Amino acid sequence: MWMILTIISLLQVVTVHSLDNGLARTPPMGWLSWERFRCNIDCKNDPDNCISENLYMKMADLMVSEGFKDAGYQFVNIDDCWMARERDSKGRLQADPDRFPHGIKALADYIHSKGLKLGIYEDFGTETCGGYPGSEFYMQSDANSFAEWDVDMLKFDGCNSDPKDMDTGYPIMGQFLNQTGRPIVYECSWPSAQWVIAHIKPDYKAVREHCNVWRVARDVQDDWVNVQHIIDVYGTDDSGFTNFTGPGGFSDPDMLVVGDFGLSYNQQKTQMALWSLWSAPLFMSTDLRTIDSASKALLQHPGLIAINQDPLGAQAVRLYQISSLGVWLKPLAKTGSYAIGIVNRDNQGMPNTVKLQLNQLGLPGPSYNISDVFENKPLGVYTSTDMFIMSIEPTSIFIGLAVPSS
Ligand code: GLA
């Protein structure tokens, strides 16, 4: 009898329905602290840059005053290292009392008063990647805390856990979030933890069913070699995630490092354009107090954001990579229309002249109005056999729109 009851109660716990929360119909856009501000908890010596409520409030202010909110960026997201080292006496999570003296609920109220949304970070395992209390054994309590604090998004990381448990554990956390009744965008590190760390091929159908956003590659770093690695993860798609992106669920190549230290202007342009072609979540991780005007204009580029937010939500595929030239194509919601990306990864000091017929770009014709998205400039009408000629600078990208001309 006891055995039967135990089995029934276990079944109740693991009968998990799909997430289906109606959120993230287009890729979420916002700001996330990790890449730029890491786990800097030294507020005594570095008060302006440490992980604290002040940092997130300041970034929220700037998102509004500097036009990021108007451009479409909505979330201000906390990453690792926000917690106290211990749970409270009832086992609940608590923010570090020195760095978040007013608590997460007050921070959420502030962010909401700016018309923005607040995201938070936790981990599926026993500890976060930075060594703070993880959600294992506390998932329901943590989901309830996030909802009580009026949090709008959760990044659920995958450190300090067994990747084999994720196929059952991540859906359960999604269910607990759903049960709170609060709409919370659910981001999962489930596939990247399985594929990148444990070489388990992820079940993307299940991932898409239970998460709004899922990481597919290793962590982005502030340098071109690393960004190129992510470009190739998308180009080769060895783990098979391309066809799962669409309204409600998006593959995540990790944060934008536009405006930071490591990428040239052209490389920043390439990152922003490819992330847009992929329908990737656009999470800036940069210091909005000091960002230069060129990087800011890139992050706010209306043409790129429109491609990123296209309602079809398709992920561009790499048609080919020949030598240093990579050609990407993204179908758009407007019938027969495409966004095209041509990346020149050559690093020799002069622009490459590229000549292609439109049918070599996968455009069947008969003819298209082509425009240059960066320059917001019409380039004329081309048939599918017309030669299209453009000059692309080293480590840069041409990004065009092709709309049927009749
Ligand atoms: C992992 C994640 C990162 C970041 C850190 C925090 O490495 O992939 O995005 O959240 O943990 O410790």
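**View 1. Who surrounds the ligand.** The shell around the ligand splits into three nonpolar, one polar and six charged residues. (Here Ala, Val, Leu, Ile, Met, Phe, Trp, Tyr, Cys and Pro count as nonpolar, Asp, Glu, Lys and Arg as charged, and the others, Gly among them, as polar.) The shell is made up of W34, D79, D80, Y121, C129, G130, K155, D157, R215 and D219, where being near means having a heavy atom within 4 Å of the molecule. Bear in mind that this is a predicted model, in which local features need pLDDT of at least 70, side-chain atom pairs count only at pLDDT 80 or more, and totals for chains, interfaces and linings use all residues. Residues are numbered from 1 along each chain as its sequence is written, and side-chain values use heavy atoms, with hydrogens and water left out.

View 2. Look for N or O pairs within 3.5 Å, the cut-off for a polar contact. D80 puts a polar side-chain atom 2.7 Å from a ligand oxygen, and an N or O atom in the K155 side chain is also 2.7 Å from an oxygen atom of the ligand. For D157, the distance from a polar side-chain atom to a ligand oxygen is 2.9 Å. On its own the ligand has 310 Å² of accessible area, and the protein covers 89% of that (Shrake-Rupley method, 1.4 Å probe).

**View 3. The largest pocket.** This is where the ligand sits, meaning that more than half of its atoms lie within 2 Å of the pocket's grid points. A pocket is an open set of points on a 1 Å grid over the protein atoms alone, with protein on both sides within 12 Å along at least five of seven lines; a cavity is a set where a 1.4 Å probe fits but cannot get out, and lining residues have an atom within 4 Å of a point. The pocket's volume is about 300 Å³, counted as the space filled by probe spheres set on the points, which are joined across faces, edges and corners. Its lining has 22 residues, with C129, D157, C159, R215 and D219 nearest the centre. Helix α8 gives the most, four residues.

**View 4. The largest cavity.** About 80 Å³ of space lies in here. Its lining consists of L32, N77, M153, K155, E187, R215, D252, D254, M255, P281 and F283. By class, that makes five nonpolar, one polar and five charged.

**View 5. Two backbone spots.** Most residues other than glycine have a negative phi, and most peptide bonds are trans. N160, not a glycine, has a positive phi of about 50°. The peptide bond from G365 to P366 is cis, with omega near 10°.

Note on methods:
Helix = DSSP H or I, 4+ residues; strand = E, 2+ residues; numbered from the N terminus. Polar contact = N/O pair within 3.5 Å; in protein donor to acceptor, adjacent residues only side chain to side chain.
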